[in-house]
Amino acid sequence: MAIVQETDVLTTAAPKRRLSMTQRETAWGLLFLSPWLIGLAMFTAVPMLISFLLSFTEFDLMHPGTTKFVFLDNYAWMFSDPNTITSFIVTVKFAVISVPTSIFLALGVAILVNQKLLAGKRVFRTLFFMPVQIPLVASTIIWLDFLSGQTGWLKFIMEDVSGAIGNFLGIIPGLGGVATEFKTFLAPDWFNSTEWAIPGLILIGLWGIGNMMLIFLAGLQAVPTELYEAARVDGAGPWRQFRNVTLPMISPVFFYNLLLNIIGAAQYFTQVYVIAGPLGNPDHQTFVYNLNLYDEAWTYNRMGHGCALAWLMFVIILGVSLIMFRTSARWVFYAGGER
Amino acid sequence: MTSTTVPTGLYTHRSRRARKLGATLSVTAIAGALCLLFVLPLLYMLSASFTDPKVTSIPDKPLYPAITETVNYRDPNTGIETELTVYDVPGYGRLALVDQKFYPLESTFVNPDTGELKQIAVDTFSLRPIWHFHMTLDNFTAAINTINPDFGLLFRNTFIIAITGTIGAVLSAILVAYGFARFRIPGRDGLFLVLIGTIMLPFQVILIPQFIIFQSIGWVPSWLPLIVPHFFANAYNVFLLRQYFLTLPRELDEAAMMDGASPWRILTSVIIPQSWPAIIAVTLFHFFFAWNDFLGPLIYTSGNEQLWPIAIGLNNFNTVYRGAGATSMIQAGALISVLLPVAIFFVAQRVFMRGVVISGVEK
């Protein structure tokens, strides 16, 4: 209150000569926002507009003079081009498997490192988080050899574990057939095999759940302990406590992780480029949406196609986000009420 | 009744502690096993980069850096000396293979210690070599000598891009976050929503036109497209700093304002000195982003290898030498490239982890 009076005195003392306090505040504020506002115009709004316009043209960067307006041709092309259709299917397949697995693994690890009974919590949290901080090209190269079908460690581990299970089952009479199958199991050669290439990429992706895990962890720690006590008094076991207390309370962070993860899956590029090259080897199995976009725009210099692809992606992400925000009222629970 | 409850109470007290210890052990064991899976790829990198390149293609080598035992054998007839691999021959022990014949023909072996020759009918393809622990730095020298352009240039380029970009990202984010946190501007909440919305904007939509613009003003190939846009504030950084600024008490600002300090003074002498944890987090985030960035340098610098940062150089190194089977050299190169980021991470891990939480949860 005192401050308000003080400012009143100041403004009345110097009438009209200066801007009013609120005008000055606005001016200063806009000044501080200006880097972002200028950047928004220069590096986001104008490029978006250009990209939208270019999506209706045939544009070759090397020969800008030959630019032609082709109206919806680029969009028509997308829906008939087999590469684009393949890339779309590959990305959807990738997202449908990778988003839920990585989210639930992140949640599981977060619950694990949040256990009161766990010794050395901080060490575990750091180690589970660390892979995110390893530069992407290097971590992809590590995984590429780690998963090698000839000398990769995962092959040794999988085959040794399978052999041990086989030896164990071999003791039990009547399971000879199953035992032999375990003993002769051959680990997949991930990135040289058409059916294992996408699972291989997803496996690599699981290494990078650190951010999601930390966000889940913070969400779990924010759940008031009284809620658990109340649930226990009502006779709820661990599962019902999780289902009826934990899940609703962490649904906002779940929503956030889910949204960012879907967007991340749509923007997937670096790992697959390092592993599979611009063609998405083997046999286009890993030809994700952005490889197609990169090829069209930079390898074949068809910028119009690239822009149309980018806008389709934008519309899809926008649609998915809108659906998520619309339906979020039904499954996301904000403890603080509406915001 | 009472005479029995007292000892039982004591007994259950002790068994409850034992049970708690058991639970702690089993939870820790589960976490440890899962954690081992997470760390395995890194252990693989370490092991592979210290393993002698001669043995990298042998499938069932041990997981630690090792080399097969060999012996120099002089053929008594020809006098030619050759290096032979020593195998563990079942029923005979350590023997070096001199002359290989297809089973059931007899192959010739020599005892590496006594030089005595032996004819044994054995399937030589099923024999396992004898391994000894052996570490070598050859892969690192090979990687350093082979990678193109050299590591010195790659690191220098990465540092220039990362440090200039970080300066821009941090300064602009501080200004913008201060604007959002402390000034009542008409339409501020709408602008803030736009800011958050740009996080969800797929980068593809602006990638091509940005490239066209930068190309047309002659910035391709150069580092400018990788640095200049960061001087205009990034949504993540602004969000993180704004959340932090909002937690600072306003009383100090107001006191400074009463003393006639300008908003600029308040920022530099009140807000920034209180915000070092968040500012350091943003600094590290951007530095890591720049170190990591791949698609940007790929389209803006691939035309000129003298401009390559480490991400592009390492990818090129991998693409060129993978076909030649130089696994251990490639792993050594990867190890060199991650040393600094991993070291920074371990020194500043708490800052990172708190930063992730601030930008993720407090939305």
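Two strands are said to pair if DSSP finds at least two bridges between them; helices (H or I, at least four residues) and strands (E, at least two) are themselves DSSP runs, numbered from the N terminus. Residues are numbered from 1 along each chain as its sequence is written, and chains are lettered from A, with ligands numbered from 1, in the order in which they are written. This is a predicted model, in which local features need pLDDT of at least 70 and side-chain atom pairs count only at pLDDT 80 or more, while totals for chains, interfaces and linings use all residues.

**The strands of chain B**

Select strand β3 (residues 81-89) and strand β4 (residues 93-99) of chain B; they pair in the antiparallel sense over four bridges. Within this pairing, B:V86 has B:A96 of β4(B) as its bridge partner. The two strands form a hairpin with three residues between them, and B:G91 in the turn has a positive phi of about 90 degrees.

**The domains of chain B**

Colour chain B by its domain assignment, whose bounds come from an automatic or database source: domain 1 is 2-50, domain 2 is 70-129 and domain 3 is 147-361. Taken over C-alpha atoms, the centres of domain 2 and domain 3 of chain B are 60 Å apart.

**The contact between the chains**

Now display both chains. In contact (C-beta atoms, placed from the backbone, within 7 Å) are 75 residues of chain A with 76 residues of chain B. Helix α2 (residues 21-54) of chain A supplies the largest share of the chain A side, 18 residues.

**A:Q241**

Move to helix α12 (residues 238-266) of chain A, where A:Q241 is found. A residue is buried if 20 or more other C-beta atoms, placed from the backbone, lie within 10 Å of its own, exposed if 12 or fewer, and partly exposed in between. A:Q241 counts as partly exposed because it has 17 C-beta neighbours inside 10 Å. Not counting residues up to four places away in sequence, A:Q241 touches A:Y228, A:A231, A:A236 and A:T246. The C-alpha atom of A:Q241 is separated by 9.7 Å from that of A:A230, eleven residues apart along the chain.

**Confidence in chain A**

The chain averages 86, and 93% of the residues score at least 70. Helix α1 (residues 2-13) of chain A is lowest, at a mean of 44, and helix α4 (residues 82-113) of chain A is highest, at 94.

Terms used
Contact = placed C-beta atoms within 7 Å. pLDDT = per-residue confidence, 0-100.
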